[in-house]
Structure formats: C-alpha cells, structure tokens
Amino acid sequence: MHCFGIKSDRYTRGHRFHANKLIEIQKPQAYIETLRNAYVLADFVERREEIVRQIENIANEQDAKAVIPSELLDEVTSIVEWPVALIAKFEAKFLEVPPEALIAAMQEHQKCFALKNKADDLLPLFITISNIESNKKSQVIAGNEKVMRARLSDAAFFYTQDRKIPLRSRIEETKRVVFQAKLGSLYDKSERMRQLILSLAEALDLNRIEAQNVAELSKCDLLTGMVGEFPELQGLMGYYYALHDKEAEAVAIALNEQYMPRFAKDDLPESLLGKALSLADRLDTLTGIFAIGQKPSGVKDPFKLRRHALAVVRLLVSLPFPISLKNCLDSALLAFYPNLDFSKSQFAELKPFILERLISHYTAQGFSHERIHSVLAVQDDCFYDFDRRLKALSEFEQRSEAEALSAACKRVDNILRQQTVPDTEVNETLLQESAEKKLWQHVTALSRQIAEYQEQQNYDALLRHLAELKVPVDTFFDSVMVMAENTDLRNNRLSLLMNLQNQLKSVADISLL
C-alpha cells in the first residue's frame with residue numbers, strides 16, 4: 001500500500017539500542033503491545049504518564065517536589081521512546097544565582113526537571129530523562145552533570161557580570177534599542193510610561209518618586225546578559241538587579257510584575273505599583289500601534305494586542321478606583337505628542353477593541369451577552385464599576401421582580417422613543433391622578449437613595465429598591481392616560497416617565513434583558 005508516495009507494510013523497528021531489528025505487526029490491535037515489547041512506548045499519553053510517574057517517584061525519595069511545566073513535559077515525551085528518569089546533582093555554589101535562572105537553564109538547554117524542597121527552595125538536584133536502560137547509569141548521570149555544570153556556569157557568569165552595571169546606568173543604552181520604527185526606542189517607551197504612570201499616581205495613591213523610578217528602569221533589564229540568554233526572565237531579573245542596586249523594594253517588585261498577566265488566566269500583579277506599571281506598558285503599546293494603523297487584522301496579531309487589551313480589562317477590573325478608560329487612552333496618546341503622526345480614526349477604534357475583550361472576558365465566565373450589554377449601555381468606561389454592576393444584576397435576575405421590572409422599563413422606553421420629551425422639571429401641581437402622584441412620590445424618594453447607593457457602588461441594594469417600583473408603575477399604566485389631549489398634562493407625564501426611566505437605568509438598561 002502506498003500513502004503520500006511512501007510504501008507501507010506490516011513491519012516496523014523497535015528501540016534503536018534495545019531492539020534494533022525488524023518487527024512484524026500481526027494485526028492493528030497488537031501494534032501498541034508489540035512495540036512495548038520492543039522497548040517503545042508508542043502511545044504518547046502513556047509515555048507522558050510514565051515520565052511523570054518516574055519523576056514523582058524520584059522526587060518522593062528525595063522528600064522533594066518536582067517542577068514539571070507541561071510544555072517541557074510534552075517536549076521530553078516527544079523525544080524519547082523508552083523513558084528512564086535519572087537523578088543527578090550540581091554544585092551547591094550555583095544556588096547563589098536566582099533559582100528562576102537556574103531552572104530556565106535546566107529546562108531550556110538540558111530539558112531537565114528541577115527539584116524543590118517543601119519550603120519551595122531549589123535543591124542542587126535535577127532529573128534527566130534518558131532514552132535507554134543503561135547498565136552504566138553512573139556514566140550517563142556523570143555526563144549529564146558535566147553538561148549541566150557548563151550551563152549553570154553560563155548563568156552564574158551572566159548574573160555576576162550583569163550586577164557590575166547598575167540598572168540605572170543602562171537607561172542610556174535603551175536609547176539605541178528600537179521598540180517600533182514609528183514609535184521610537186525603548187527609552188522613548190519608558191518615558192511615555194513614566195508620564196502615564198504619573199497621571200495615574202494620584203488616583204491610585206502611588207508614591208510619585210517610586211512611580212517615576214519604576215518607569216525609568218522598566219526596560220533596563222532587557223539589556224542584561226541574563227535576559228538576552230533567557231528572554232522569559234525579563235522583569236524578574238529587573239527585580240533581582242534592582243534589589244542589588246538598593247532600589248526601593250516596591251520598585252523591584254513592580255519591575256517583576258510589569259509583564260503580568262502574560263496570558264489569559266495568568267495571575268495579576270499584586271502590588272498597586274505593579275498594576276500601574278503593567279497598565280501603563282500595555283496602554284502605551286495599544287495606543288501607539290493603533291494610532292499608526294497597525295491594529296490586528298483577522299488572525300494576524302504580531303504585537304499580541306488582543307492579549308494586551310485583555311490584560312488592560314483585567315487590570316482595570318481589579319483596581320477599586322474610579323479609573324476612566326477614556327482618560328487612560330487620552331493620557332497615553334498625549335504622551336506621544338508631538339512626535340507621532342497618527343490616525344484619529346484608527347485611534348478611535350481602540351476603545352471598542354478593548355470593549356470586545358471585556359465582553360469576551362465575561363462571556364467566558366458564563367455571563368450572557370444580554371446581561372453584559374445591558375450594563376455596557378450605562379457604564380462602559382470604569383471597569384471596576386462595570387464589574388460591580390454586572391454581578392449585582394446577575395443576582396437580581398434571580399428575583400421574581402426582575403422580569404416585571406424589565407417589562408416596565410421596555411414599556412417606558414417604547415413610549416419615550418416615540419415622543420419628543422420636553423426638557424422641563426415635573427410640575428407637581430399638574431399631577432392629577434392618584435396613581436401618578438404616588439409614582440412621583442416613589443421616584444422622588446428613590447432619587448436620593450440612588451445617589452447614595454451609586455456613590456457606595458451598592459448596586460444590590462439599589463436594584464432591590466428599584467424592584468419596589470413595580471406596583472406603582474403597573475398602577476400608573478393601568479389608570480393614567482399618558483398621551484392626554486392637554487399638552488401641559490401630556491408633557492408633564494412624559495417628564496415623569498423620563499425621570500422614571502433614568503432611575504430604572506441607574507444600574508443597567510434593564511429593558512435589554
């Protein structure tokens with residue numbers, strides 16, 4: 001049989017050392033077991049599980065826990081046929097190097113698994129996965145230890161050399177590294193981040209000196225040998241080098257947190273300064289790339305702008321402050337002046353782009369599109385406030401009054417949509433019917449509570465009070481003719497409904513539910 005120009009038959013070969021001979025596959029059902037007898041675990045999942053089992057057994061023997069990232073595990077599973085886990089060691093002197101750098105060297109260059117003790121400290125041990133059952137295991141281990149020593153020596157060299165030059169001394173170097181051809185250098189980017197983070201300092205109650213310092217140092221570790229060798233350590237090495245340089249601890253922590261979250265479900269920065277730096281970095285990138293007309297198209301997203309936009313959403317949701325997205329974007333754009341020749345139309349597409357990520361973020365959590373859009377109709381600028389409204393609305397929807405209140409809101413909308421409502425206050429002397437007087441009493445009483453609840457962001461209580469409008473609203477529509485022939489009477493009732501509508505939409509546009 002030929003497939004893609006290759007002739008196939010029932011013969012294969014076993015392990016190149018243990019069973020290097022032709023093996024006949026008698027029937028398809030026997031394939032896995034036949035190869036297993038020839039020292040080949042053909043099933044990927046089985047091979048992966050066997051590697052994990054062996055690693056964990058060795059770790060337990062050492063009273064330790066293994067660091068097993070899924071990406072490394074999949075890669076190692078793909079390059080062995082008959083996995084044999086072996087434990088090896090390295091000199092304890094290397095533990096002076098940050099553990100993340102040592103682990104990066106083990107994983108990236110040697111495809112080995114690190115071991116930590118129960119206190120989460122790195123141990124001078126590692127596990128390598130051999131592809132052979134050797135009768136001279138000590139030689140295999142010694143060979144791996146020799147190569148590992150060279151790799152860790154490189155990491156130690158970078159660490160020693162990098163610390164000879166303070167981070168602050170590298171600021172000048174960032175002027176020679178291009179961030180993006182139209183957006184300038186890394187130095188230009190960090191300067192824009194400095195302006196942006198200072199614009200957030202008052203609202204977030206940040207130390208302005210720390211905020212300025214962290215922005216100025218934010219890209220300096222990219223010039224270090226360690227990050228050049230292990231790019232995934234960017235930010236983290238800035239943390240270690242900042243501490244070595246006696247920078248404020250808050251600055252060092254924020255340098256490490258600036259690239260968080262790195263993916264959709266990654267942890268957010270824990271410190272306010274770290275959140276502010278991460279936010280400034282991403283807002284600068286998004287604003288600049290959109291302004292020069294290079295927004296994502298289709299599946300192409302070379303600058304990972306969708307990931308940055310989602311990070312902006314998550315960061316703003318996590319900040320319990322009245323932070324305006326529009327103000328953030330305007331501040332980010334202002335930081336480019338007067339050097340950026342930008343497209344206003346392209347920049348105008350940035351906020352909707354971020355709002356798309358907001359919608360995706362909440363639909364992934366199980367919130368319906370109707371619920372999300374009902375809140376967006378009244379709050380699309382402060383994401384922390386949006387989050388509070390959305391969750392309160394979700395709770396309220398479980399109450400029996402929710403459907404009736406939504407129906408009332410739609411009825412009010414339908415009437416007002418067809419009429420031109422005068423911009424006048426309700427004239428109490430024109431309230432004739434008992435039902436409209438009682439409705440107005442409820443509206444005026446509730447207006448004071450709405451302002452208080454909105455200031456407290458107590459939307460649960462606000463929605464409960466709105467539910468109390470059900471009876472007076474139903475009674476009003478049952479007994480009052482809104483479109484009265486008398487113009488003054490009709491306009492007054494329309495003004496009453498306009499006031500009612502504003503209250504019904506004080507949390508979300510309930511008519512959209």
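Modeller: Happy to! Let's start at L497: in this predicted model, and leaving aside neighbours within four places in sequence, L497 is in contact with V412, I415, L416, F476, F477 and V482. L497 also belongs to the largest nonpolar core, which has 137 residues; along with I197, M226, I354, F383 and L500, L497 is among those that touch the most other members. Helix α11, residues 272-291, gives this core its largest share, ten residues. There is a second, separate core as well, with 16 residues, including A64, L72, V76 and I127. As a general background, nonpolar side chains tend to be buried together in soluble globular proteins.

Now for the open spaces. The largest pocket holds about 770 Å³ of space. Its lining has 19 residues, and P69, Q107, E232, L233 and R262 are the closest to its centre. Both α3 (70-79) and α4 (99-110) supply at least two residues of that lining, with the largest share, five residues, coming from α4. By type, the lining of the largest pocket comprises eight nonpolar, three polar and eight charged residues.

The second largest pocket has a volume of about 540 Å³. Here 19 residues form the lining, and the closest to the centre are Q234, Y259, D281, K304 and H308. At least two lining residues come from each of α6 (186-204), α11 and α12 (305-318). Helix α11 turns up again, supplying the largest share of this lining, four residues. Seven nonpolar, five polar and seven charged residues make up the lining of the second largest pocket.

How values were computed: Residues numbered from 1 in each chain as written. Predicted model: local features only at pLDDT ≥ 70, side-chain atom pairs only at ≥ 80, totals over all residues. Heavy atoms only, no water. Core = buried A, V, L, I, M, F, W, Y, C linked by side-chain atoms within 4.5 Å. Buried < 20%, exposed > 50% of the residue type's maximum accessible area, 1.4 Å probe, protein only. Contact = heavy atoms within 4.5 Å. 1 Å grid on protein atoms, 1.4 Å probe; cavity = no way out; pocket = protein on both sides within 12 Å on 5 of 7 lines; lining within 4 Å. Points joined across faces, edges and corners; volume = space filled by probe spheres on them. Nonpolar A, V, L, I, M, F, W, Y, C, P; charged D, E, K, R; others polar.
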